[in-house]
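Please look over the model below with this briefing at hand.

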Amino acid sequence: MKNLMYMAMDFWGSLFCIAVALLYALLYRKRNVVYRHIAVIAACVAGVLLSDSVAWFFRGSAGVLGLLKVSNFFGFLFSFLVNVPFVFYIYASADKRPGLASGIVMACVFISCVLLGITQWNGLLYYFDEANFYHRNNRWYWLITFFYLIESGAMFVILFRNRRRIVNGRFYGILVFLVLPIAAVLLQTFVYGYSLSSIAAVVVVGLCFFQLMYILQASDSQTGAASSSEVRIQTFGEFQLFIAGKPVSFRYSKTKELLAVLTDRRGAYCSNAMLVALLWEDEASSDKNAYLRKLRQDLLETLDFYGQKDLILHRRGEMALRTEGVLCDYYEFLSEKTDVSYMGEYMRQYSWAEETNAFLSQKISKI
């Protein structure tokens, strides 16, 4: 009876995780790489639970040793592999390329997989008795916990080093994603029975599901007003894009700066070389063209989400802002058709804007 109860818990949990993975993959596979990583994480958790449900169902049954070995093998394998998309999820949330710490995670995952392979021959981590019941090899099972803690430590380092690049809501979400499984794995080392780490993993996927529901609800409210949305760009003070009266957020902070450059050019086309020079003033630009393409894609996809993709004009090697229909304090000030007040600050968060700011200061002194 207990086996069937555990099997049912794992089975329905796996179906839930599969549903979350499919929803993220189908809705956001092209728009946001962060959500693609969440889809893979949910799929790995589903693999763990589905494998465990098969293992619980056939546990102790005669003549099914091969099936039990396969199900346990894949249960462990997916539990090791889930940290691969998770570490990329942290880096993607911080808008950073994977670094040395990610290599430590990959190495630990690889070693764990090797240990799992060895186990199939000599029972290093676990074994089955003559009645086909699973047993942990307590002499060496701690190795799994050891390497998992190294992986988790590396991911904590990645998270806290990049905490200022990750929005608060997502930062604390990732922190919960790390702490829950670690607590479960540590407890599981001393408490033998149903997989507590499976419960923790389902809770994590459940949080992803609630995040998705929030995203969809916000999307519905924004889509309803998309066709009649007013586009307003604020340049005096801090630069900000507003659509339907609400500030627009981009995946990359540099995407917002890219739009600021195009706004500053007042509809004139900007070459890729010029954009790279402005966006990365003092940095080597050898590898920035690929990053610029990602920024352009993020800009177009975000504007398309609001029904405003036509705001950007692009041709081979160049981009421009379509200024028609855009309300912008900078443009209105230059046209002298309104009483827009300039208080000496223009896109103050960008150093390259100082030239335009000096021009505006000179202009206002002559009035």
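The points below are grouped by topic.

This is a predicted model, in which local features need pLDDT of at least 70, side-chain atom pairs count only at pLDDT 80 or more, and totals for chains, interfaces and linings use all residues. Residues are numbered from 1 along each chain as its sequence is written, and side-chain values use heavy atoms, with hydrogens and water left out.

**Helix pair**
- Helices (H or I, at least four residues) and strands (E, at least two) are DSSP runs, numbered from the N terminus.
- The axes of H3 (residues 65–81) and H5 (residues 100–122) come within 9 Å and cross at roughly 170°; axes are lines fitted to C-alpha atoms, for helices over the stretch in contact, with angles from 0 to 180 degrees between N-to-C directions.
- H3 and H5 are therefore roughly antiparallel (over 145 degrees).
- Phe-73 and Phe-76 are among the H3 residues that meet H5, whose contacting residues include Val-109 and Leu-116 (contact: heavy atoms within 4.5 Å).

**Sheet**
- Four strands form an open, mixed sheet in the order S5-S4-S3-S9; strands pair if DSSP finds at least two bridges between them.
- S5 (246–247) and S9 (327–328) stand at the edges, each with a single partner strand, so one side of each lacks a neighbour in the sheet.
- S3 (residues 231–234) and S4 (residues 240–243) run antiparallel, joined by four bridges.
- Gln-234 stands opposite Gln-240 in S4.

**Positive phi**
- Most residues other than glycine have a negative phi.
- Arg-266, in the loop between H9 (253–264) and S6 (270–271), has phi near 55°.
- Arg-266 is partly exposed at 47% relative accessibility (between 20% and 50%, 1.4 Å probe, protein chains only).
- Met-347, in the loop between H12 (329–335) and H13 (354–365), has phi near 45°.
- Met-347 is buried at 0% relative accessibility (under 20%).

Definitions and conventions
Parallel < 35°, antiparallel > 145°, perpendicular 65-115°, else oblique.
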